[in-house]
Amino acid sequence: MIFETIIGLEIHVELKTSSKMFCACSTQFGARPNTNTCPVCMGMPGGLPTLNQEAVRLALRAGRALNCEINRVSRFNRKNYFYPDLPKGYQITQSELPLCENGYLDIELDESEKTETETTLGKDAPSRCIKRIRIARIHLEEDAGKLIHPENQPVTLVDYNRAGIPLIEIVTCPEAISPKAAVEFLKELKSIMEYTEVSDCRMEQGSLRCDVNVSIRKKGDEKLGTKVEIKNLNSFKEIQKALEWEQLRQQKLLRTSLPEQIIPETRRWDDIRGITVPMRAKDGARLGCIAPEPDLPLLDLNDSSMLHFLEESLPELGAQKRNRFVSRYGLSRYEADILTKSKQLADYYEDVVNNGAHPKEAANWILVELLRLWRMSEHREIPVAGQSLAELIMLVDEGEISRNAGKTVLSEMYETGKDPRDIINQKGLAQINSENEIKKIVEAVLDQNKNAAADYKKGSTKAAGYLMGQIMKAGEGRVNPNIAREILEDRLNKL
Amino acid sequence: MIDKGKPRGMTIAELQKGYQDKCFSVKEVIQSCLQHINNLDNPIGAFITVCNETALEAAEKLDEGLGRGEDIGPLGGIPVAVKDNICTRNIRTTCASRMLEHFVPPYDATVIKLLKNAGAIVIGKTNMDEFAMGAASCTSAFKKIRNPWDFSKVPGGSSGGSAAALAAGFVPLALGSDTGGSIRQSASFCGVVGLKPTYGAVSRFGLVAFASSLDQIGPMTRTVEDCALAFSILKGRDPLDATSVEYDGVFDYANALDSGVKGLKIGIPGQCLEQVDEEIAESLLKAGRVYQESGVQVEWFSLPEMDLCPAAYLVISSAEAATGLAKYDGIRYGYCTEAANNPDLDGMIRRNRSEGFGEEVRRRIMLGTYVQREECSSYYQRAVSIRNKIKNAIEQAFKRFDLILTPTSPVLPFEPGDNKGYLYNEARLGRFTVMANLTGIPALSLPGGFSRAGLPIGLQLAGDYFSEDRLLRAAYCLEQRLGLFMQTACVEGDEA
Ligand SMILES: [Zn+2]
């Protein structure tokens, strides 16, 4: 039997606003519990919501970046359920008439991914393709508070700092894609949200969260299979693992002709055991009715105070930036791809270039040396200023220090944040460019390696390489290799 | 003056004059006001909380200001009674419910801020139907309210405490809230003036919601003039209430009242004579004649949509209440059951709500939840379509007329205990009033006469959006011509 996996995603993205969705409280992460609260977000009697315009602006930006139709008039609803993290007993959301609808995001699937998908489907794979993931809707809503269960204490604490933080929920249409493709989509989406400065997308802080829906059907079937929702997914890696596990679970049940055992339910990803388990009814609060929100008027973009949000130009997105890096800086597609994966890195690269580094060299240094150091460290921000790296690259280009010495300097810069020139002076790493000095070293090496010189005379090219190595060694790596090579060749030919 | 029980029964205008002429200090007025409440309110039950200390403190401050020759504001030294569903900073705000029995808001409602800025002094919080649900003030969790005109009768609801406090002469100004006629019906039963402003004209921030799309705070007074003054202070857009709007009409209260009614066109729906108490109908007819004599063009017309309003109101108000009251789970504040250490969270919330809310509130939450279930959504949709229908009908009516005149209530104040104040009856009693809430137009109730048994009869004037100016002008004319204003009920135990 050939199966097809259908995946739908519900992504909650925390908007990068300074105040909450419906009140003036701060959105600062990590504040002392219940200090960022007021009568409105605490659900006190008589509190009324007022809409944060900045949140609307960011949601519109997200909608436009994801090619959505913008509803000029949208509406808020109350989604009712009782749970201690929900101060008003309902969440204000946009159920009936969302701000954005009918968008899409194209993702590029690489060859291995394609093969994987197509093997499952049992068909020959075309080499590379673009998959369009349709986006059903993007709507505005508010976050709930956070329950804290202290260990070994029979109490539950509630922190309402998060209650009322502005979110957008992005809902994709169910698509026949692989778990890996789903994660590719999420990565691309994350990059767009970062580029448009809609969100920080810090998964570890919960500012990007994703629930997934999975169903399996026989290839060729029109009807969708039974949909299972999975929650508690905290990283892209976990999402892929959970999707793969759930895909397998459902396939097995279908193969053993127990399809009735696939029930429409919400399952929780148990990342320790690496399996999905049914959620206890208590884990998911029971949903009551969806009601109108009479405390907020219609969100009408035709309103004069809103119109300019629609005319605002979008910041450059990752894909656009990638193309520009290729055409403007002469980078390879691969280099541009990695540099533009995150806005932070792309901005850093351009900073280095704007400070005078050769674009191609800058890409090399960042992709090879800097990224290696960054990956090994705990730093969130790159601790080397763009200007300092540019200076270092120029010093190497101008032959002030050798490429190898440059690497040492960069490590030191990364550790200490010191200026490259200081490190070079301190460590005596400056390149030896004086012909006289180099001549002395060459003579000394030739004196000690008479055999090698004789071999060279007999026509051995290997011997020349060996001698060069000895010269570099004698100069502690600081000898300018080009000058040394010239002098060496000259000397050997005169022998 | 004060020795004779005055300034009890004085109007805002009279008190202002008294302050101007230095007949009494603010402290004397507030002291006398508190004394009357503390001595005489016991049988009436108009107040849940009396602010003895804070009111006197505020009075002393104002007296100091007066001593320095400062302007103490347009409502300087005026005691105001506030319905107990309007939040007052550091003053218990209960909504007449066990659920909020000990709730002390750390914030003032916007209207309270406005009143305080104008120099008014909050004298106490008035009794009401629990969460404003009722039309007879019989559902208060704490005590019943008696009508000062006849203790055997209800004062109307849900703003019964505010209306009774005015009728008893305790205060010249009170705040009420009006979801289906609460201000107007209690004003009518107690023989005072009550205005439900245009929806959005007065901020709802700090008003404990019953049904957000219908609720509106309004002033209650003993004269139209006082009502106009109070409204001029309360109106205006509030950044804290997204449904409030910049006042979109002329409102020059000082000149509004005297400019007359000549040339106005008033329509009276024929439905107002059907199933209406005979004595009330007589008052209505008399008012019609008075207007005609004053140069107003009075015409009868048909407004059958009016009869659709009560059912639509019932569904919409209950639905909004069901979600609006969801926040009362007893977790962050409010009533929490003895079994609070019950590990079962659901059970705890259920018990908090079952024990904290009274029967009437629970009934409406259940109804409201029911009509919003997916399989029952047709009820709600029909109610919404009726609401649109009545909006259209009203728009048409205001193309022909400047104002619509009706009785406020189809019945006279009745005796408690016959369930008339509850659920369906509230809607039926609101036959003439709920229309203004469903459409958002302003409407005002003023005394239109007395029954042979001496019970007050109220008449309602409704106008187009933001026409409070015209509404008050027409009410002022009728008030002056009928000569009914400023009557105070005689309360037993009165030293006079
Ligand atoms: Zn807040």
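**Figure 1. One salt bridge is counted between chain B and chain A.** The model shown is predicted. The bridge pairs A:D295 with B:R204. Their closest N and O atoms are 3.1 Å apart. Side chains of opposite charge can pair when their charged atoms come close.

**Figure 2. Chain B and chain A bury about 2,600 Å² between them.** Carbon and sulfur atoms give 63% of that area. Chain B brings 34 residues to the contact, and chain A brings 31 residues. Three residues of chain B stand out: B:T323, B:K327 and B:R332. Together they supply 22% of the area that chain B buries against chain A, more than any other three residues.

**Figure 3. A salt bridge within chain A joins A:E108 to A:R333.** The closest N and O atoms of this pair are 3.4 Å apart. A:E108 sits in strand β6 (residues 100–109) of chain A, and A:R333 in helix α7 (residues 333–340) of chain A, so the bridge ties together parts that are 225 residues apart in sequence. A search of the whole structure finds 59 salt bridges over all chains.

**Figure 4. Helix α13 packs on helix α15 in chain A.** Two packed helices are described by the angle between their axes and the distance between the axes. Here α13(A) covers residues 435–448, and α15(A) covers residues 461–474. The angle is about 125 degrees, and the axes lie 9 Å apart. The crossing is right-handed. From α13(A), the contact uses A:I441, A:V442, A:V445 and A:L446. From α15(A), it uses A:L467, A:Q470, A:I471 and A:A474. By class, this contact has seven nonpolar residues, one polar residue and no charged residues.

**Figure 5. Helix α13 also packs on helix α16 in chain A.** α16(A) covers residues 481–494. The α13(A) and α16(A) axes are 10 Å apart, at an angle of about 50 degrees. The two helices are therefore oblique to each other. Their crossing is right-handed. α13(A) contributes A:E435, A:I438, A:K439, A:V442, A:E443 and A:L446 to the contact. α16(A) contributes A:I483, A:A484, A:I487, A:L488, A:R491 and A:L492. The residues of this contact divide into eight nonpolar, no polar and four charged. A:V442 and A:L446 of α13(A) take part here and in the contact with α15(A).

**Figure 6. A cis peptide bond runs from B:G157 to B:S158.** Its omega is near 5 degrees. B:S158 lies in a loop of chain B. That loop is between β3 (121–126) and α5 (160–167) of chain B.

**Figure 7. A:N152 has a positive phi.** The value is about 60 degrees, although A:N152 is not a glycine. A:N152 is found in the loop between β8 (146–148) and β9 (157–159) of chain A.

Notes:
Residues are numbered from 1 along each chain as its sequence is written. Chains are lettered from A and ligands numbered from 1 in the order in which they are written. This is a predicted model: local features need pLDDT of at least 70, side-chain atom pairs count only at pLDDT 80 or more; totals for chains, interfaces and linings use all residues. Side-chain values use heavy atoms; hydrogens and water are left out. Axes are lines fitted to C-alpha atoms, for helices over the stretch in contact, and angles run from 0 to 180 degrees between N-to-C directions. Helices (H or I, at least four residues) and strands (E, at least two) are DSSP runs, numbered from the N terminus. A crossing is left-handed if the near helix is turned anticlockwise from the far one by less than a right angle, and right-handed if clockwise. Contact means heavy atoms within 4.5 Å. Ala, Val, Leu, Ile, Met, Phe, Trp, Tyr, Cys and Pro count as nonpolar, Asp, Glu, Lys and Arg as charged, and the others, Gly among them, as polar. Buried area is the accessible area (1.4 Å probe) that two parts lose on being put together, summed over both. A salt bridge is a side-chain nitrogen of Lys or Arg within 4 Å of a carboxyl oxygen of Asp or Glu. Angles under 35 degrees count as roughly parallel, over 145 as roughly antiparallel, 65 to 115 as roughly perpendicular and the rest as oblique.
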